Amino acid sequence: MDDFFINNTETDTKQQNRLFNIEKSISSMENVSSNMISNITNMSKHNHVIIKNDISSLENVCSNIIPNITNMSEHRHVIIKNNISSMENVCSKINIKLQNIDLELKAYIDTSKNSNQVMANIEEDVSTLYHNLTEVDNSLSETLMDIKDAVQDLNSSFVGSLSKTGPANCNDLYNEGMKTSAAVQIFPYSCCPDHSEYVVCDQQFDLGRWTIIQRRQDVRPRENFYRGMSDYVRGFGMLSGEFWIGLKLIHELTTHSKQELHITLEDWDGNVKWARYSTFKIGSAEDNYRLNVTGYSGDAGDALSFHQGQAFSTFDEDNDPHTSVQC
């Protein structure tokens, strides 16, 4: 905002002087007029000269008043003219600023329109991209399923083509005619047909075909089960006494065919309890031998469902989410 102020002290002083002279002249005119009226009332021949002199004095006073009034009017005209000129300059500047603002506003509106169009184009492109990615994802999922099925078929064909050195588990031995329980040699590794392990097969309990993965009993010498991870992976103990066949072997036995788990518990007084799980599987080493056990039945209590989905832990390798204990 531009403000213009006028303050001319010298000019105001001159005007005051002129106004004073005018007032003084008017006062003189009033006095002369008053004398004229008095003279006219008492007019006589001897007063004629006086009246004539008064008229002459009045003419002189008027001649002084007119220049003062003229000068004052001209001065006022100059002041008003200067003020009008200043106002015209201010209005011109304001008009220029309004024109610039109008141009900026039009440019902003054009930019906004362009931005809205750009955003609309981006949204359309993102929607198209999402649709295409969804189609690609579905196609990849179908392709991966096809690949998985093909790999499984190839693996089955490859495993089936391997020449078996011997039975892979206690079920194969039972089918081959072994009906007695004993420690036997099996060939459970599909990758290595000639690599064998020794296990105890129980062919009398509940229709046979059972592989004993752990046994604890009151025999001498007693086996220490408080061991590190390497022992639990490899296995330990004696098959004629207390033993654990090892996570590696259990993983191999539960990977290639569906297995169930049966647990028999007997106390010092000969009381027997049991628990059975219709599904039992141990994960690979890369998965820290994770437990998969479901379908409980029995009278011993369901103690394993709490550990469902948990990785195997020992005192020297804690793989479970519990920070205070190793499960």
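Strands here are DSSP runs of E with at least two residues, numbered from the N terminus, and two of them pair if DSSP finds at least two bridges between them. The model shown in these close-up views is predicted.

**View 1. Strands β5 and β6 run antiparallel.** Two bridges join β5 to β6, the strand at residues 243–244. Across this pairing, Phe236 stands opposite Trp244 in β6.

**View 2. Three strands form an open sheet.** The strand order is β4-β6-β5, with antiparallel pairing. The edge strands are β4, residues 214–215, and β5, residues 236–237. Each of these two edge strands pairs on one side only.

**View 3. A disulfide joins Cys170 and Cys201.** A disulfide is a covalent bond between the sulfur atoms of two cysteines. The sulfur atoms of Cys170 and Cys201 lie 1.9 Å apart, within the 2.5 Å cut-off for a disulfide. Distant parts of the chain are linked by this pair, which is 31 residues apart. Cys170 belongs to helix α3 (residues 170–175), and Cys201 to strand β2 (residues 197–202). The torsion about the S-S bond of Cys170 and Cys201 is about -85°, so the disulfide is left-handed. Both cysteines, Cys170 and Cys201, are buried. The count comes to one disulfide.

**View 4. Cys191 is exposed and Cys192 is partly exposed.** Cys191 has a relative accessible area of 58%, and exposed means over 50%. For Cys192 the relative accessibility is 31%; partly exposed covers values between the buried limit, under 20%, and the exposed limit, over 50%.

How values were computed. Residues are numbered from 1 along each chain as its sequence is written. This is a predicted model: local features need pLDDT of at least 70, side-chain atom pairs count only at pLDDT 80 or more; totals for chains, interfaces and linings use all residues. Side-chain values use heavy atoms; hydrogens and water are left out. Helices (H or I, at least four residues) and strands (E, at least two) are DSSP runs, numbered from the N terminus. Buried means under 20% relative accessible area, exposed over 50%, partly exposed in between (1.4 Å probe, protein chains only).
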